[in-house]
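Student: I would like to learn how to read some features from a model. Could we go through them one at a time?

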Amino acid sequence: MRYLILSDLHSNGEALSAVLSRVRRRAYDCVVVLGDFVGYGADPNDVIERVRRLRRRKVMVRGNHDRVASGLDTGGIFNPVALLAARWTTQMLTADSRQFLVELPVGPIEVDGRFVICHGSPLDEDAYIFSDSDAAWNFRSLGHDLCFFGHSHIPSVFTLEPDGIRVDVVRGRRQRWKLQPGRRYLINPGSVGQPRDRNVAAAFAVYDADKGVVEFERVAYDIAAAREKILRAGLPGALGDRLLIGA
Ligand code: ZN
């Protein structure tokens, strides 16, 4: 069983197109989305529609931006730029798209008895996992050896080893990560729509559960077009500019 793992799409239609055309001829059985379909970018309905149209089984959780843009939460903890983008998104969402976001389950959820998915962390969809100590709390509460999470927008692997937690930031255009039996993992595939690891390319991963391998991948997309749409929509210019530097 192969799982395409997408996170933090953030209304970036160009980035999602590039990812989907990269995997078009690739074998995968299930699409897993770790939340934040919307927020920041200018294509909320388009991004939601394209994921919905994929003819694969889908397992998805909502992200914090999905929660706020769909009106389930006022966004009190958002910074002003994120809040502006969420308000803009709320106005742009079709009734269908809004309903889709409202109905997304809250993580963590278990997938096929094999692994767990969540947005921020298994304990809290708004919490970040950046450090070994962030990971330690979550390993303690996690009932599985493998969890995919998003939210930080940094492709990363946290491994619970006998003598502590190893933290790896995943670099490069393609990385094959073999999971070791007896180890436990918290894994972030990176962000499709707003990479923040100073690599501007869209990030995603494919998990081959039979082989125990996670393939991390990056794909270039039309950043200029995505930025232009953000500017034309009247969204804060900083949201377009950060795509140019991957931050
Ligand atoms: Zn996000």
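Student: Which residues of helix H6 are buried?

Tutor: A residue counts as buried under 20% relative accessible area. In this predicted model, helix H6 spans residues 132-141, and its buried residues are Ala135, Asn138 and Phe139. They cover an arc of only 105 degrees around the axis, so they sit on the same side of H6.

Student: Which exposed residues does the face turned away from the buried side of H6 carry?

Tutor: That face of H6 carries Trp137 and Arg140, both exposed.

Student: What covers the buried residues of H6?

Tutor: The cover includes three strands: E7 (156-161), E8 (164-169) and E10 (184-188).

Student: In what order do the six strands of the open sheet run?

Tutor: Two strands pair if there are at least two bridges between them. Here the order is E3-E2-E1-E11-E12-E9, with mixed pairing.

Student: In which sense do strands E1 and E2 pair?

Tutor: Strand E1 (residues 2-6) and strand E2 (residues 30-33) are parallel, joined over four bridges. As one case, Leu4 has Val31 in E2 as its bridge partner.

Student: Which residues coordinate the zinc ion?

Tutor: The donors are Asp8 (OD), His10 (NE2), Asp36 (OD) and His153 (NE2), at 2.1 to 2.5 Å from the zinc ion. Along the sequence these donor residues follow the spacing D-x1-H-x25-D-x116-H. Asp8 lies in the loop between E1 and helix H1 (13-23), and Asp36 in the loop between E2 and helix H2 (44-53); the pair links distant parts of the chain, 28 residues apart. Asp8 and Asp36 are both buried.

Student: Why is the site of the zinc ion called irregular?

Tutor: Four donors count as tetrahedral if all angles lie between 85 and 135 degrees. The angles among the four donor atoms here are 87 to 176 degrees, and the site is irregular.

Student: Where does Ala127 lie, and what does Ala127 touch?

Tutor: Ala127 is in the loop between strand E5 (115-117) and H6. Its relative accessibility is 25%, so Ala127 counts as partly exposed. Leaving aside residues up to four places away in sequence, Ala127 touches Gly120, Ser121 and His151. Ala127 and Arg57 are 70 residues apart in sequence, and 28 Å apart in space from C-alpha to C-alpha.

Methods:
Residues are numbered from 1 along each chain as its sequence is written. This is a predicted model: local features need pLDDT of at least 70, side-chain atom pairs count only at pLDDT 80 or more; totals for chains, interfaces and linings use all residues. Side-chain values use heavy atoms; hydrogens and water are left out. Buried means under 20% relative accessible area, exposed over 50%, partly exposed in between (1.4 Å probe, protein chains only). Helices (H or I, at least four residues) and strands (E, at least two) are DSSP runs, numbered from the N terminus. The arc is that of the directions from the helix axis to the C-beta atoms. Contact means heavy atoms within 4.5 Å. Donors are N, O and S atoms within 2.8 Å of the metal (3.2 Å for Na, K and Ca); water is not among the atoms, so sites may look incomplete. Four donors count as tetrahedral if all angles lie between 85 and 135 degrees; four count as square planar and six as octahedral if opposite donors are over 155 degrees apart and all others between 65 and 115; anything else is irregular.
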